[in-house]
Amino acid sequence: MEAVNDYISQNKERFLNELMELLKVPSVSADPKFAADVNKTAELVADNLRKAGAENIEICKTAGYPIVYGDKIIDNSLPTILVYGHYDVQPADPIELWTNPAFEPIIKKTEIHPEGAIFARGACDDKGQMFMHVKAFEAMNKNNSLPCNVKFMIEGEEEVGSENLGVFVKNNHERLKADVILVSDTGMLANDVPSITTGLRGLSYVEVEVTGPNRDLHSGLYGGCVANPINSLAKMIASLHDANNHITIPGFYDKVIDLTDEERAEMAKAPFSKEAYCKALNINDVLGEEGYSTMERGSIRPTLDVNGIWGGYTGDGAKTVIASKAYAKISMRLVPDQDPAEITKLFVDHFESIAPAGTTVKVTPHHGGEPAVTPIDSIGYQAASLAYEKTFNKKPIPVRSGGSIPIVAMFEKELGLKTVLMGFGLDSDAIHSPNEHYGVFNYFKGIETIPYFYKFYTELSQS
Ligand code: BES
Ligand code: MN
Ligand code: MN
């Protein structure tokens, strides 16, 4: 491994510059305006894989954005690691809140990243983390140090629900044959508290439309006489939580698997400072479901949140009007064994049932995703744990995350493979927010740690 580590040290500047180039292309999958850039990013990923020495590279067409495939098979009798990542990013909006343009990457020091962090949309989620795998592979491959086979599958639609990836996986069982899936698209607790993600929440996402009168009305002539859809929507949304912040949709918690007291006690060992948490967000207190800690509320408990709400007059000045319609987008984060389709159905039935007189409700489901938990007694987890221990000099803590990567459950169903979530981001890296960034330390730590995963995974598989 010495040659690999030397190679990494000698190529740091180039590894950083190549990531910066990738970050300059606005591969926003949600907005058709960026289609050419998303496709160009796929080409760039393929070029980088080729330069790293991967073979059988293909930019696989789908009904949406392409999936980049590449591999290096050194010996069929050795284990195969399938690396998954995504090259698409979230929209940069609201762009006026970026202190530096989202697609003009720049390195700046922060309190948490004294060695500097790369500021750009996708720096952490997921271009920076995905790219660590390309570079780690390059370092292993160029030094003839690959202990196993490696396959890459990098998609361009993760941020919009990965619909076409499902089709691709179904049609490519043979090509994707592997022993384990390796993903860096999550986070860790802190740069001096390494952790490995052992669970992800699922997702049910709906859009609601409440309609009152057939047209906008003068609020003096009609106010007080008919249902105001915005008032009604606000009331309906407010009623979805009770005074203890439990969700009121009948049946919502029926399939939730509660953690045992031992598991909760284990979780509580992870360091958490409420003061630091509040300070970082500039809030005077936390708020959430009664009976659970902040860590629990954000990982092992299901939630319901309004992501956007609109209707009526929002321009300058005052316009006295009762709008005909009001809208909201609502996400529900799910935990094992909640089923996204079932939860969506429970939501629809409930939401329709609470519509006040004089209104009609339409609910449109968006993409969903299943929750996932990964075992800590697997070879994959143990190899990851040893790898972190090697590069951080500390044994990583297993933690369940609140985010969602729906394809993890899909991989297990379709390919029968478990995923190892080796994330190197921090919650404070502002993914999906303005000023997203990724620590230079984290980028290189990832590049150094991944080769050890290859090594330990291969050794543990053979012992
Ligand atoms: N990488 C994130 C998910 C994530 C981030 C998991 C941090 C754990 C820790 C992923 O790109 C993402 O944003 N997923 C979406 C869901 C998807 C269906 C749009 C999410 O969690 O909102
Ligand atoms: Mn991601
Ligand atoms: Mn994301």
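**Exercise 1. Between which two helices is the place of asparagine 282? Work that out, then look at its phi and its cover.**

Before we start, some ground rules: this is a predicted model, in which local features need pLDDT of at least 70, side-chain atom pairs count only at pLDDT 80 or more, and totals for chains, interfaces and linings use all residues. Residues are numbered from 1 along each chain as its sequence is written, chains are lettered from A and ligands numbered from 1 in the order in which they are written, and side-chain values use heavy atoms, with hydrogens and water left out.

*Solution.* 
- Step 1: Asparagine 282 sits in the loop between helix 8 (274–281) and helix 9 (294–297). Helices here are DSSP runs of H or I with at least four residues, strands are runs of E with at least two, and both are numbered from the N terminus.
- Step 2: The phi of asparagine 282 is near 55 degrees, a positive value in a residue other than glycine. Most residues other than glycine have a negative phi.
- Step 3: Asparagine 282 is exposed, with a relative accessible area of 72%. Buried means under 20% relative accessible area, exposed means over 50%, and partly exposed is in between (1.4 Å probe, protein chains only).

**Exercise 2. Now try asparagine 393: where does it lie, and is it buried or exposed?**

*Solution.* 
- Step 1: Look in the loop between helix 11 (379–392) and strand 16 (397–400), and you'll find asparagine 393.
- Step 2: Its relative accessible area is 67%, so asparagine 393 counts as exposed.
- Step 3: Asparagine 393 has a phi near 55 degrees, again a positive value in a residue other than glycine.

**Exercise 3. Describe the protein chain as a whole.**

*Solution.* 
- Step 1: Count the elements: the protein chain has 13 helices and 18 strands.
- Step 2: The radius of gyration is 24 Å, close to the 23 Å that the globule rule gives for 463 residues, so the chain is as compact as a globular protein of that length. The radius is taken over C-alpha atoms, and the rule is 2.2 Å times the number of residues to the power 0.38.
- Step 3: Along the principal axes, the C-alpha trace spans about 80 × 50 × 45 Å.
- Step 4: Of the 463 residues, 52% count as buried.
- Step 5: Take the contacts (heavy atoms within 4.5 Å) between residues at least 6 apart in sequence: 79% of them join residues at least 24 apart.
- Step 6: There are 43 positive and 63 negative side chains, and the centres of the two sets lie 2 Å apart. Lys and Arg count as positive and Asp and Glu as negative, while His and the chain ends are not counted. Each charge is placed at NZ of Lys, CZ of Arg, CG of Asp or CD of Glu.

**Exercise 4. Which residues of helix 1 (residues 2–10) are buried, and what do they pack against?**

*Solution.* 
- Step 1: Val4, Tyr7 and Ile8 are buried in helix 1.
- Step 2: Seen down the helix axis, the buried residues fall within an arc of 100 degrees, so they line one face of helix 1. That arc is of the directions from the helix axis to the C-beta atoms.
- Step 3: The buried residues pack against helix 2 (12–23), helix 4 (127–142) and helix 13 (440–462).
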